[in-house]
Amino acid sequence: MKKWKIISLSAVSGLLIAGNLYLIGKEDSKVERTLYVENWTKAKLGDISRTFQVQGMVVPYEEYPVYFDHEKQFQKFLVQEGDTVTSGTPLYEYLDPKASTSKANLENEKQLAENDLSAIESYISSLESYQSSIPEAPSVSDNEDNAELEADLNLDEHASSELIVATIEQEIFKQEYEKSKIEEKVNILEAELVNLDEISGTVSAVSDVDGTVKEVNKSLTGPILTLSSNRLSIEGELSEKRLKEAEEGQAVTVESSELKKPLIGTVDRITAYPKSEPSMKKESTYPYKAIVKDDQLLLPVGSKVNVSIVTSSVQNVPVIPEDTLHMGSKPFVYKLTTGRVNKQYVTKGIEMSGRQEIRKGMTAGETILAEPENVPQNHAYFITALQPKDITRKQLKEISTRDKFRYLLTGLLER
């Protein structure tokens with residue numbers, strides 16, 4: 001009898017143990033299991049940019065062709081390749097039988113420009129005088145001279161002093177810009193007059209821009225001179241794939257071993273037509289041009305650089321390590337809440353260099369499981385290794401005696 005009882009008890013115990021082991025090991029089992037979490041991480045606020053790399057070369061931003069009127073008699077070049085020129089620098093000489101007429105026309109044009117300059121200076125002076133009187137009056141003035149200015153500026157009779165001052169400042173800025181353009185024109189006309197020899201009929205053609213002489217064409221066909229601007233840019237080529245991603249106005253980062261730090265700029269121009277004639281035998285490439293601040297690109301023309309084009313960018317968004325994200329019918333993470341591991345569905349954003357933007361489903365500061373290969377049961381309890389150095393007396397006092405006892409038993413029995 002005793003033997004039978006022992007055998008029966010052993011069989012029942014074995015069945016119970018086997019059943020529990022089966023339920024614990026069974027996928028999606030309703031038996032709650034406690035997960036030991038060794039590694040975890042938090043979502044942090046950060047910036048992410050999606051980029052691609054292309055090669056580039058430093059080139060002048062623009063080139064200016066200079067043509068010659070063959071009805072006139074060419075004499076000689078006054079510059080050579082590599083020379084630096086500024087606006088008004090003599091470029092070449094030619095004979096002009098109508099030199100005296102040309103001089104009279106230039107002098108007349110210069111006089112008209114100087115008259116315009118004088119009128120603008122007088123107008124600016126009136127605006128500044130009116131502006132200095134504004135604080136003394138709460139609104140539009142009754143002074144006749146000022147009334148004319150108010151009419152020119154389209155000011156309402158009930159306009160406030162602040163609006164009047166702002167309108168005047170805007171008008172002064174506009175007139176100063178017009179003044180600088182006319183002054184530049186006067187300087188060019190003066191340079192042309194200085195280089196015009198009325199007696200011999202020899203005339204010197206002058207440059208309209210600041211730059212460098214790139215090419216001198218002594219055959220006098222087509223442009224006889226090509227000037228390169230002093231402003232530099234980055235030029236390169238995009239593949240067919242990259243052409244679909246790139247757009248004018250996108251941010252770029254320019255790097256070179258000759259630069260102390262990367263330069264920031266933008267895509268200035270993309271040519272939608274291939275650089276060479278399209279062919280079925282090879283992939284087409286498309287020229288692009290990028291610019292940075294004028295005072296940054298201190299590299300010789302022809303220098304090779306690496307260019308990163310930013311196709312999309314977000315700032316101050318929740319970011320997690322890309323390998324903590326699980327991919328199912330919907331992307332999700334395992335969020336660690338108070339004592340439990342919960343599956344949290346999220347909406348992905350930009351991913352770059354192992355960092356993943358989360359657009360919905362998480363906020364910065366939330367904790368997630370950092371072991372993607374360790375897939376827990378949803379809503380399971382979890383425990384972590386004790387970190388005594390991180391525990392404070394205040395935190396211990398806030399835990400009830402019952403919870404302290406439960407946590408102690410869990411730590412001893414689980415793992």
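This is a predicted model: local features need pLDDT of at least 70, side-chain atom pairs count only at pLDDT 80 or more; totals for chains, interfaces and linings use all residues.
I started at I320, which stands opposite Q356 in strand 21. Strands here are DSSP E runs of at least two residues, numbered from the N terminus. Three bridges join strand 21 (residues 355-360) to strand 16, and the two run antiparallel; a pair needs at least two DSSP bridges.

Numbering runs from 1 along each chain as its sequence is written, and side-chain values use heavy atoms, without hydrogens and water.

Next I looked up the other partners of strand 16. Strand 3 runs antiparallel to strand 16, with 13 bridges, and S49 stands opposite S313. Strand 13 is antiparallel to strand 16 too, through four bridges; there T253 faces S308.

Then S308 itself: buried or exposed? S308 is buried, at 7% relative accessible area (buried is under 20%, exposed over 50%, partly exposed in between, 1.4 Å probe, protein chains only). I found its side chain in a 2.6 Å polar contact with that of Q53 (N or O atoms within 3.5 Å, one able to donate a hydrogen and the other to accept it; sequence-adjacent residues count only if both atoms are side-chain atoms).

Last, I checked the largest nonpolar core, which has 21 residues, I309 being one of those with the most contacts inside it. Such a core is a set of buried Ala, Val, Leu, Ile, Met, Phe, Trp, Tyr and Cys residues joined through side-chain atoms within 4.5 Å. Strand 16 (304-321) is among the elements giving it two or more residues. Another core, of 17 residues, lies apart from it and includes F68 and V216.
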